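Good morning, and thank you for coming. Please look at the sequence and the structure as I put them up, and keep both in view while I speak.

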Amino acid sequence: MTAPLLELRGVSAAYGQIEVLHGIDLTLQAGQVLTVLGPNGAGKTSTVKVIAGLLTPTNGRVELCGRDVTSASADQLSRAGVCVVPEGRGIFPRLSVEEHLKLSAWGAEGREARVQIFDAFPRLYERRKQLAGTMSGGEQQMLALSRAIARRPALLVVDELSMGLAPLVVEQLYEHVRAIATQGVSIVLVEQFIHDVLGIADVAVVMQNGTVVRSGHPDDLAEDLAGLYLAASL
Ligand code: ATP
């Protein structure tokens with residue numbers, strides 16, 4: 001059997017003396033979309049940081065394609081194909097769409113990537129000369145996704161794709177995410193309790209207070225989600 005693309009086993013992590021992740025388990029098979037859901041402070045971004053090599057676990061193990069990467073740096077993980085779209089998108093307001101894409105991938109490969117991206121996102125092609133800071137939130141998020149896929153990642157980690165966007169725009173972006181997964185990229189999609197994300201995910205986990213409180217097929221979690229959300233907001 002082939003190893004999962006990403007596996008976290010019993011991962012704990014801390015900022016200084018304060019432990020914020022307490023034994024997280026996650027498994028993502030190649031080409032799948034895994035969504036990590038949970039309220040503010042649940043530990044979602046800290047989990048993203050562990051996956052990206054920005055926060056080293058104090059306990060447990062992280063594996064990428066069966067290889068132990070628990071102590072790997074962000075730089076090593078990036079070269080191994082892990083690419084993060086951070087909360088807030090990481091866009092440069094005074095650079096154009098085309099300039100962003102040129103910074104992400106260059107040479108013949110970069111040109112080929114741009115052709116594919118403009119094919120998949122015609123809106124970005126129309127706006128290729130526009131400064132990113134003047135685009136709508138949805139277009140900026142499209143650009144953030146495109147920059148990431150221009151680097152041809154094996155694993156794409158997206159933190160709060162939906163933040164500040166209208167539901168219809170989020171729905172369109174989710175369709176793009178699903179299409180990216182169909183091309184063989186594995187995806188971790190971190191969201192607060194957004195019901196719609198369950199529709200494009202293959203696996204879902206719900207986090208609360210630094211632990212995974214539910215995991216499984218999105219259909220099986222959908223029912224529990226309203227109750228969990230209510231409990232978390234009390
Ligand atoms: P949100 O949805 O609000 O972004 P989250 O689920 O992503 O929340 P984290 O950002 O991972 O949660 O935070 C988990 C816990 O770690 C919180 O209690 C938070 O205060 C704490 N924390 C996060 N970053 C740091 C840091 N740099 N230093 C100290 N504590 C931190």
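I shall speak about several helices, the packing between them, and a few individual residues.

A word on the source comes before the details. This is a predicted model, in which local features need pLDDT of at least 70 and side-chain atom pairs count only at pLDDT 80 or more, while totals for chains, interfaces and linings use all residues. Residues are numbered from 1 along each chain as its sequence is written, and side-chain values use heavy atoms, with hydrogens and water left out.

Helices (H or I, at least four residues) and strands (E, at least two) are DSSP runs, numbered from the N terminus. A residue is called buried under 20% relative accessible area, exposed over 50%, and partly exposed in between, with a 1.4 Å probe and protein chains only. Contact means heavy atoms within 4.5 Å.

Let us begin with helix α7, which covers residues 167-182.

Which residues of α7 are buried? They are Val170, Leu173, Tyr174, His176, Val177, Ile180 and Ala181. These residues cover an arc of only 160° around the axis, which puts them on the same side of α7; the arc is that of the directions from the helix axis to the C-beta atoms. Turned away from that buried side is a face that carries the exposed residues Leu168, Glu175 and Thr182. On the buried side, the packing partners are β3 (33-37), α4 (107-120), α6 (137-150), β7 (155-159) and β8 (186-191). After α7 comes glycine 184, with a positive phi near 100°.

Arginine 152 follows α6, and its phi is positive, near 50°.

I turn now to helix pairs. Two packed helices are described by the angle between their axes and the distance between the axes. The axes are lines fitted to C-alpha atoms, for helices over the stretch in contact, and angles run from 0 to 180 degrees between N-to-C directions. Angles under 35 degrees count as roughly parallel, over 145 as roughly antiparallel, 65 to 115 as roughly perpendicular and the rest as oblique.

How do α3 and α6 pack? Their angle is about 25°, with the axes 8 Å apart, and α3 and α6 are therefore roughly parallel to each other. Val97, His100, Leu101 and Ser104 of α3 make the contact with Leu143, Ser146, Arg147 and Ala150 of α6.

The second pair is α3 (residues 97-104) and α4, which pack at an angle of about 135° with their axes 10 Å apart. These two helices are therefore oblique to each other. Here the contact joins Val97, Leu101 and Lys102 of α3 to Arg114, Ile117 and Phe118 of α4.

Arginine 114, in helix α4, is buried, with a relative accessible area of 14%. Leaving aside neighbours within four places in sequence, arginine 114 is in contact with Leu101, Lys102 and Ala105. Its C-alpha atom is separated by 8.4 Å from that of glutamate 98, 16 residues away along the chain.

Next, helix α1 (residues 44-52) is mostly covered, with 7 of its 9 residues buried. Among them is serine 46, at 9% relative accessibility. Apart from neighbours within four places in sequence, serine 46 is in contact with Tyr15, Val20, Leu21 and Leu55. Glycine 53, whose phi is positive and near 80°, follows α1.

Finally, two loop residues. Cysteine 65 sits in the loop between β4 (59-64) and β5 (67-68), and its phi is near 50°, a positive value in a residue other than glycine. Is cysteine 65 buried or exposed? It is exposed, with a relative accessible area of 52%. Asparagine 209, in the loop between β9 (203-208) and β10 (211-216), has a positive phi near 45° and counts as exposed at 62% relative accessibility.

Thank you for your attention.

Terms used. Expected span 1.5 Å × (residues − 1).
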